[in-house]
Every structure is written in C-alpha cells, then in structure tokens.
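Here is a short tour of one protein model, written for someone who is just starting out. Have a look at the picture, then read on.

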Amino acid sequence: MMIAGTQGRQKGFTLIETAISLAVFLIILATAFTSITNMLTLSTASDWDMLVVTENQRGLRSIKYDLYSSSCNPHDSYHPRIVDGELRFCVVTGFNTITEKPIYSYWDNFQVCYWYDEENHLLVRRFRDNTGQLLDEAPAQYPGPAAQTVSAYCTGFEFPEPINVNAGCLVTIKLTNSIGKEEDPRYATITNEISVMPGKPEE
C-alpha cells in the first residue's frame, strides 16, 4: 500500500511540473513575441523617419534649384508670386550674348508652378502658359510628365511671409511631410522652412 501511494504521488508531481513548465514556456513565448513586435515597430518607425526626411529634403531641393533660376527684378512681370496657393515663376532658359541678358521661359510661353495636392499628399511641379492655362506636356527643359511629383507624404505647403517684390522677391516656404497618425507610435513628421532669393544661389 505504501509503495502504491508513493507511485501515485510521483505521478501527481509529474503533472504539476508539466503544467508549470508549460506555463513558463508560454510566458517566455509571449515575452519573445512582444520583444519581436516592439523591434519591428521600432524598425518601421525608423524607416518612416528616414522616409519623411528624404521626401522633405527632395521637395525643398527642387524648389530651391528652380527659384535660383527665376527673376528677382521687381519690374519683371514673371518674378515669383503666389496665385491661389500655387507658387508660380519663370526661369532662365538661355542667355543672349548680344544683350548679355538672360532669356526667361516667358519667351517660351511657360511658367514653373509648385502646387500642393492636398488630397493625395503630394507636392507637384507643373507648368502653365503665359495666360495661366495648364500645359498638357512638360517643357523640354523639364523631362517627364506634365505633373511631376517632387515630394510625397506632403501634409503642408505654406508661405509664412508674403513675397516682397521691392526687397528682392525673397520667397519663404514651409514644407511638412508626415506618415501615419499621431496616436501611432510609428508616427513620423518633419517640418522645414527655407528662404530663397531668386537668382542668388547658396554659396
């Protein structure tokens, strides 16, 4: 009887030990899963951070490059200006060796325009003729489609200061790029502001 009782107790301890081991295993598994999930979240957040920075820089670089080729002459009819939230200006397309003056895209009947597509979160470069009509094809100086995306994940395109034609036509632009929602731990956003004087590249 004593032997039988001992064997029963041994079987009971084995089941308890199995249950405890299983519980410990599940805890370890859950911890590992949580750690992996956190790592993936951090990885995604890092990717999103890099992406918004890249798109923000890409958009501002495109605008600066084009504005450097625009006119800062206050008496010029094609200096940078804001029309219905869109930045418009003519750019240098050549140089007249006789008059020693630049030739602007006005004479090629096109203007460069930067437009914020709020619905699709894009900053778009497109082109208009001198009457203000959108062109169906991009000028030869700008290979590509008539509407060219220069920055994705765009959530803001503003002009904090008005363009003063009597002060060199300085253009101030604020560009914001964001991915995700604010409550999402992976949410990434960046805002940068630049001021560009037409015809005056950075040194």
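In what order do the five strands of the open sheet run? The order is S1-S2-S5-S6-S7, and the pairing is antiparallel. Before going further, keep in mind that this is a predicted model, where local features need pLDDT of at least 70, side-chain atom pairs count only at pLDDT 80 or more, and totals for chains, interfaces and linings use all residues. Residues are numbered from 1 along each chain as its sequence is written, and side-chain values use heavy atoms, with hydrogens and water left out.

Strands are DSSP runs of E with at least two residues, numbered from the N terminus, and two strands pair if DSSP finds at least two bridges between them.

Now zoom in on S7. Strand S6 (residues 122-128) pairs with S7 in the antiparallel sense, over four bridges. Is S7 largely enclosed or left open? Four of its five residues are buried, so S7 is largely enclosed by the rest of the structure. Buried means under 20% relative accessible area, exposed means over 50%, and partly exposed is in between (1.4 Å probe, protein chains only).

**The three-stranded sheet**

There is also an open sheet of three strands, ordered S8-S9-S10, with antiparallel pairing. Its edges are S8 (154-158) and S10 (188-196), each with a single partner strand, so one side of each lacks a neighbour in the sheet. On average, neighbouring strands here are turned by 10° against each other, direction ignored. S8 pairs with strand S9 (residues 171-179) in the antiparallel sense over four bridges.

Here are some residues that stand opposite each other:

| Residue | Opposite residue | Strand of the opposite residue |
|---|---|---|
| Val124 | Thr149 | S7 |
| Glu158 | Lys174 | S9 |

Tyr106 is partly exposed, with a relative accessible area of 33%.

Technical notes
Axes are lines fitted to C-alpha atoms, for helices over the stretch in contact, and angles run from 0 to 180 degrees between N-to-C directions.
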